[in-house]
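Okay, everyone, let's have a look at today's model. I'll start with the strands and then turn to a pair of helices.

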Amino acid sequence: MIKEIIVVEGKDDTVAIKRAVEAETIETGGSAIGDAVLKRVKLAMERRGVIIFTDPDHAGERIRKIVARHVPGCKHAFLPQEEALYKGDIGVENASPEAIRRALANLRTEAVEGSGSLAEVTMEDLMRAGLLVHPQASERRLTMGNLLGLGYANGKQFLKRCQTFRITRQEFDQALTTMEQSNEGDQP
């Protein structure tokens with residue numbers, strides 16, 4: 001049983017989560033999140049804690065930001081897009097129970113304002129790693145995002161996630177090494 005309440009987008013996501021783990025959910029009902037839903041999420045945060053687990057797409061990211069802005073300190077579960085894809089549709093409801101359990105095992109917690117910033121990863125680190133201004137920057141960010149448990153993001157958002165979730169330089173460098181070693185194996 002997962003202690004925290006998991007915030008998802010809809011009923012199908014709840015069904016998928018319950019196939020994978022024993023947990024309770026709050027459904028946002030899509031991207032037009034009402035005040036009543038936000039109040040329930042705030043109460044859940046006070047009583048049990050909250051995990052935001054939205055679809056790995058633009059709408060899911062928008063919902064994640066809205067909930068996180070109104071309820072600081074949430075934990076976040078990120079699902080790689082390729083593990084949430086079925087017949088062109090991206091969503092938590094399409095993920096296997098194993099993929100959902102993996103995402104929940106690799107939670108990231110937001111740094112709450114005033115808790116001291118550990119902005120170890122910088123824009124220069126992203127440049128050095130080929131995550132910006134590189135012919136394969138988008139693919140590299142996708143790989144690094146999956147390795148770090150942050151999901152996919154554009155360059156600016158990737159840096160913000162590294163800082164928000166307090167990714168250490170050691171974690172970043174270890175993921176970079178893993179990605180580079182994996183890429184070497186792909187070479188002919």
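**Strands first, then helices**

Let's begin with strand E3 (residues 50-52) and strand E4 (residues 75-76), which pair in the parallel sense over two bridges. Pairing here takes at least two DSSP bridges between two strands. Strands (E, at least two residues) and helices (H or I, at least four) are DSSP runs, numbered from the N terminus. Isoleucine 52 has histidine 76 in E4 as its bridge partner.

Quick note on the source: this is a predicted model, where local features need pLDDT of at least 70, side-chain atom pairs count only at pLDDT 80 or more, and totals for chains, interfaces and linings use all residues. Residues are numbered from 1 along each chain as its sequence is written, and side-chain values use heavy atoms, with hydrogens and water left out.

Now, the whole sheet: five strands, open, mixed pairing, in the order E2-E1-E3-E4-E7. At the edges sit E2 (24-27) and E7 (108-109), each pairing on one side only.

E1 (residues 5-8) runs parallel to E2, and four bridges join them. For isoleucine 5, the partner in E2 is glutamate 24. Between E1 and E2 the chain passes through helix H1 (residues 11-20), in a right-handed β-α-β crossover. Right-handed means that, with the strands pointing away from you, the path from the first strand over the helix to the second runs clockwise.

On to the helices. What do H1 residues Ala16, Ile17, Arg19 and Ala20 meet in H4? Pro97, Ile100 and Arg101, with contact meaning heavy atoms within 4.5 Å.
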